[in-house]
Amino acid sequence: MIRKGLVTSTLILIPIAIVLTVFSIYSLFSIKTVTVDPKLREISGIEFDKKQRLWAINDSGDGPILYMLNRDGSIAREVTVSNAKNVDWEDMTQNQFGHFFLGDFGNNDNDRRWLTIYKIENPIDIKTDTTKAEIIKFTYPQMEEGEIKPEDKNYDLEAFVEFKRHLYLFTKNRTKPFDGITKLYKVGDHAANFDAELIGEFKTCTTLEKLCWITSAAISPNREKLVLLDSTSLWLFENFDGDNFFSGEVSRIDLGIITQKEAVTFYDDNTLVFTDEEFKGLVGGNVYEVKLDQVKRNVIKYTHQNDSERTAK
């Protein structure tokens with residue numbers, strides 16, 4: 001009798017799983033716009049310039065190169081940052097003047113003590129195939145000397161935004177056991193050596209790190225919306241207090257099937273664009289678009305941090 005019940009349950013659950021998988025695949029690919037050039041198979045950061053042209057960077061393994069894309073995903077132009085290295089480029093952001101910031105701060109093994117951000121001129125002003133960067137360096141004061149303990153491995157970084165002349169960094173959690181917390185740090189936006197200031201934290205999930213560790217961030221042109229990206233979701237923060245991004249309303253947007261989603265940016269205040277890396281030529285390598293006034297949002301009931309975790313005003 002028990003065995004018969006298990007067989008019946010299995011026969012019911014298998015079709016349901018298939019339907020959910022198909023729906024998950026459809027949810028993602030229904031918002032796909034183009035496939036990017038294969039040269040950008042490890043696309044890790046994107047940003048629109050002031051003429052609404054999309055620029056992209058690759059992860060480690062490529063040179064210090066920015067790629068401008070055509071609307072069909074092909075490469076229109078390449079610009080090399082002459083005084084930079086691509087140790088592990090992970091994200092891009094820009095300020096309201098259109099200066100781009102390139103984050104060379106990937107830290108998979110939590111063993112890089114000093115990390116780098118390159119600040120370049122507004123790409124619409126770059127007339128040749130090279131440019132030179134202003135160099136920003138930072139370290140984490142909380143990072144102890146020697147090998148980092150598994151439970152403290154929260155010094156990898158793949159996401160940042162510019163806000164009111166500062167850069168805000170969101171860590172990619174690699175703790176074991178995984179506690180799902182992304183930490184928010186703050187540094188200056190100009191050439192100097194900074195101690196990153198810890199100002200807050202936010203928990204995504206604790207089920208599996210590859211589902212909900214943070215891989216990119218974006219802030220809307222009007223500076224009123226912040227988005228964090230993971231492999232399955234967009235986390236949208238609105239009506240926040242100053243630079244305490246986690247203090248306001250929080251909602252989650254489901255992106256369907258799991259792919260290696262690594263880059264997100266705003267096209268305008270209502271439109272988000274994100275990309276995923278190519279995986280063995282089977283999935284990924286695409287650009288997707290989300291309209292915030294059309295997409296379903298799951299509201300998260302979120303409690304403010306205590307005073308020690310809140311942002312200093």
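Rings of Phe, Tyr and Trp (its six-membered ring) pair if their centres lie within 6.5 Å; planes under 30 degrees apart count as stacked, over 60 as edge-to-face and the rest as tilted. This is a predicted model, where local features need pLDDT of at least 70, side-chain atom pairs count only at pLDDT 80 or more, and totals for chains, interfaces and linings use all residues. Residues are numbered from 1 along each chain as its sequence is written, and side-chain values use heavy atoms, without hydrogens and water.

Start with the rings. The structure holds 18 aromatic pairs. Phe138 and Tyr140 form an edge-to-face pair, 5.9 Å centre to centre with 90° between the planes. Phe138 is buried (under 20% relative accessible area; exposed is over 50%, partly exposed in between; 1.4 Å probe, protein chains only), at 0%. Tyr140 is buried at 2%.

Phe163 lies in strand E11 (residues 156-163), and Phe245 in the loop between strands E18 (233-238) and E19 (249-254), so the pair ties together parts 82 residues apart in sequence. Strands are DSSP runs of at least two residues (E), numbered from the N terminus. Both Phe163 and Phe245 are buried.

Now turn to Ile43, in strand E2 (residues 43-48). Ile43 is buried, with a relative accessible area of 0%. Ile43 and Asn58 are 15 residues apart in sequence but 4.4 Å apart in space, C-alpha to C-alpha. Beyond neighbours within four places in sequence, the contacts of Ile43 (heavy atoms within 4.5 Å) include Ala56, Glu262 and Asp276.

Terms used: Helices (H or I, at least four residues) and strands (E, at least two) are DSSP runs, numbered from the N terminus.
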